[in-house]
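The entries below follow the order in which I looked things up.

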Amino acid sequence: MSSLLSSLNNVLQSMLAHQKSIQVIEHNVANANTPGYHRQEVKLGTRPASPAPTLYHEISAGQIGQGVSAEMVKRFNLTFYDGRFRTQTALGKRWETTQQTLSHVESLLAENTSQGLINKLDAFWAGWQGVIDDPTNLALRSNLQQKASSLAVGLNRRASDLLGIRKDLDQEIIQDVDEINEIADQLARLNGEVANITGMELQPNDLLDERDRLLDRLAEYSDIRIGNQDSGQIMVSMGGHSLVFGTETFKLETAPDPGNSNLVDVVWEDGADFRAVEGSLTAYLDDRDHSVPAMIAGLDEVAATLISEVNALHQGGYGLDNSTGLDFFAGTDALSIGLSADISDPRSIAAASAASSPGDSSLAGQIADLRHQELLSAGSATFTSYYADQVAGLARQIQEAGSESQNIDLVIQSLQSQRDRVSSVSLDQEAANLIKSQRAFEAAARMATAVDEMLDRIINGMGLVGR
Amino acid sequence: MRVTHRMIINNAIRSMSESLEKLSELQKQASSGKKFTQCSDNPRASRSALALRSSLNTNQTYLESIHSAEEWLTASQNALNEINDLAMKALNKALSGVSETNSEARSAVAREIDTFLHEAIEAANTRYVDDYLFSGFQVNTKPFELVSGTPDTVTYAGDTGSLQRQIGPDQRMTLNFDADQVFRPFFEALISARDALQADDTTAIQAAVADLQTAQETINDQEADTGMLINRLEESSTFLEETQSALEKLLSREEDVDLVEVISQLRHQETVYQTTLEVGHRTMATMNLFDLMK
């Protein structure tokens, strides 16, 4: 049965509903610039009509509506774009990270400057060439020592820098793993809160925003798969292993691997192997264990070939002081190569093929000829072409990573604008909605006045005929 | 399509930063004159540039070797020339000694020839920088020494080592010759001519003159050979220099920018950037409905 008092109640409900709409609009406008914020809107619905049909209901005209109520606060999101966005983020982050790391390697190699290793190799051969031209000239011999030493130092510096990069990458891996574990904890906690609130039939919209932000961040480290669970909870898996399940987490661990120069190995806490899929973690692991070691191996091959070939010839030659059987280079690889102590006296550098032949420089000639011989890469490349190929290979990797990352960036941008199309706040729309709700609120208030006047008429104006 | 202010602003920011990136790239090219600063900017061109630069360096060392060999050979040629002159003079003197019948006059000629002998030995002991030109590998040892005796002899302290220089990949050149073989007959002919003149022995003088003639011819041939070597070096040097300039052209084509093109692109990009800024400013200043609400 409807009464004027229930009308007053309807009007009140209407004012409350519109006030709630306005509150949500305030929230939208306030968060127009908050990253990861999804626009919200109060869903209005009619309240159940009266009377409810019963067998013995009062006979009167039709059902009469009972006004409006705020049914729920809707959050505008598109799960489809979220998943695509995260997959592309993981891809993009991998290439971007690889590009950054390898560009750093490239700038350390500094091959496009006068300090490049090929320049140093050329100077080394030129040093020998000088000795050929005038084998008794001590200044030219000292010059050769200097050039050889500069070449050795160049190799040392590059090798130790690259080893340093491997260690830095190791730190990045540990940091990434820590971040992943931290995010997993937060996701599990949010799952708990979300379940509590959905249990009360409410919409934990801001918590869902928070959770999406965390998932976006998590996707930068490695590609993730997300599954829905009861009461709004989600499960997250990474590389085929569960990371978050409800309020439980499965952590990643890092342990020094003695088989890999004590750099860390990433495993799940239950001992399962971790397989990163895309993301920065993949890039770090890949660069640390493949790209950078390949560059080090290249430098080592240059150094080792240089040491063995030059020494083999040098040992068979004679210095100005008739010394023979001496090494020119010491060491075994790029990190340890240096001038042998045997030739600290420039007179001991062997240029002659026979004893007591100061003017003979035929041995120096043989050594200088090494530059044209294909001694590296199983006899298919000269020193210069081998190292230039290494540098060009690295450059191509960087270029490839750069263009991949650029392409994926375009995809990410378009996905982001798809997401923004649905979720981001449009101030015009909010202003219009504000006017709409404000007008409705005002109308409801006017209704309240009308009902109030009617009540006033009944209470104060009825039964006073003739007075 | 639903468009929001955030999308518009993000787009504006993106266009501005892309435009600025292009501008900075062009500025870098214009100021450095190079198409790329890192190999990864253009792996193909930089791979060729690395190889070309190394070839330039290598050729440069060969050019230096050629120049130093040329200097050595020139010094060697000068000494040979001097010895050849002495040989000619000695030959003329000895011939005049044959026609001379006066023993006084003959011993005067003998004294002159003795001077030539000493001068010739001195010339054969010429040094270039610190090295003796005509002692094979024994560049620190004075090669020829006149030892008194009956008759006087000349000793050779050098060896037969041939001084080889690299004047190109797999190209070697021998700078010296067996000085003992070339000079000794001359020295010995001088000694016998002098002694024969001294002894007033016409037959011996005639024999010595014949020897002198052969020795002078040998020296003359050697001088000519040395001249040929110098010519060959000059040819190699010209060839290498031509190669160098061809390589430099190639290198420049790989890595140098066309300044006219880059600067006009830069101009254009500056305009584009300015326009982007203006459009961006206008977009961001766009009013929204809130501005009109009273």
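**Entry 1: chain A, elements and overall form.** I began by noting that chain A holds 9 helices and 10 strands. I then asked how the radius of gyration of chain A stands against the globule rule. The value is 39 Å, well over the 23 Å that the rule gives for 467 residues, so chain A is more spread out than a compact globule. I also looked up the extent of the C-alpha trace, which spans about 150 × 45 × 30 Å along the principal axes of chain A. I record here that the model is predicted.

**Entry 2: confidence.** For the model I noted an ipTM of 0.87 and a pTM of 0.86. In chain B the mean pLDDT is 91, and 100% of the residues reach 70 or more.

**Entry 3: burial, contacts and surface of chain A.** I looked up what share of chain A is buried. Buried residues make up 47% of the 467 residues. Among the contacts in chain A with a separation of 6 or more, 70% come from residues 24 or more positions apart. The accessible surface of chain A comes to about 21500 Å², and carbon and sulfur atoms hold 52% of that area.

**Entry 4: charge in chain A.** I asked how many positive and negative side chains chain A has. I found 35 positive and 63 negative side chains in chain A, with the centres of the two sets 10 Å apart.

**Entry 5: positive phi in chain A.** I noted two residues other than glycine. Phi of A:Ala110 is near 50°, a positive value. I placed A:Ala110 in the loop between helix 2 (79-109) and helix 3 (117-133) of chain A. Is A:Ala110 buried or exposed? The relative accessible area of A:Ala110 is 16%; as buried means under 20%, I recorded A:Ala110 as buried.

A:Glu278 is not a glycine either, and its phi is positive at about 55°. I located A:Glu278 in the loop between strand 8 (263-268) and helix 6 (279-315) of chain A.

**Entry 6: a cis peptide bond in chain B.** I asked where B:Pro151 lies. B:Pro151 sits in the loop between strand 3 (144-147) and strand 4 (153-156) of chain B. The peptide bond that leads from B:Thr150 to B:Pro151 is cis, and I noted its omega as near -10°.

Conventions:
Residues are numbered from 1 along each chain as its sequence is written. Chains are lettered from A and ligands numbered from 1 in the order in which they are written. This is a predicted model: local features need pLDDT of at least 70, side-chain atom pairs count only at pLDDT 80 or more; totals for chains, interfaces and linings use all residues. Side-chain values use heavy atoms; hydrogens and water are left out. Helices (H or I, at least four residues) and strands (E, at least two) are DSSP runs, numbered from the N terminus. The radius of gyration is taken over C-alpha atoms; the globule rule is 2.2 Å times the number of residues to the power 0.38. Buried means under 20% relative accessible area, exposed over 50%, partly exposed in between (1.4 Å probe, protein chains only). Contact means heavy atoms within 4.5 Å. Accessible areas come from the Shrake-Rupley method with a 1.4 Å probe; for residues, only the protein chains shown count as cover. Lys and Arg count as positive and Asp and Glu as negative; His and the chain ends are not counted. The place of a charge is taken as NZ of Lys, CZ of Arg, CG of Asp or CD of Glu. pLDDT is the predictor's confidence in each residue, from 0 to 100.
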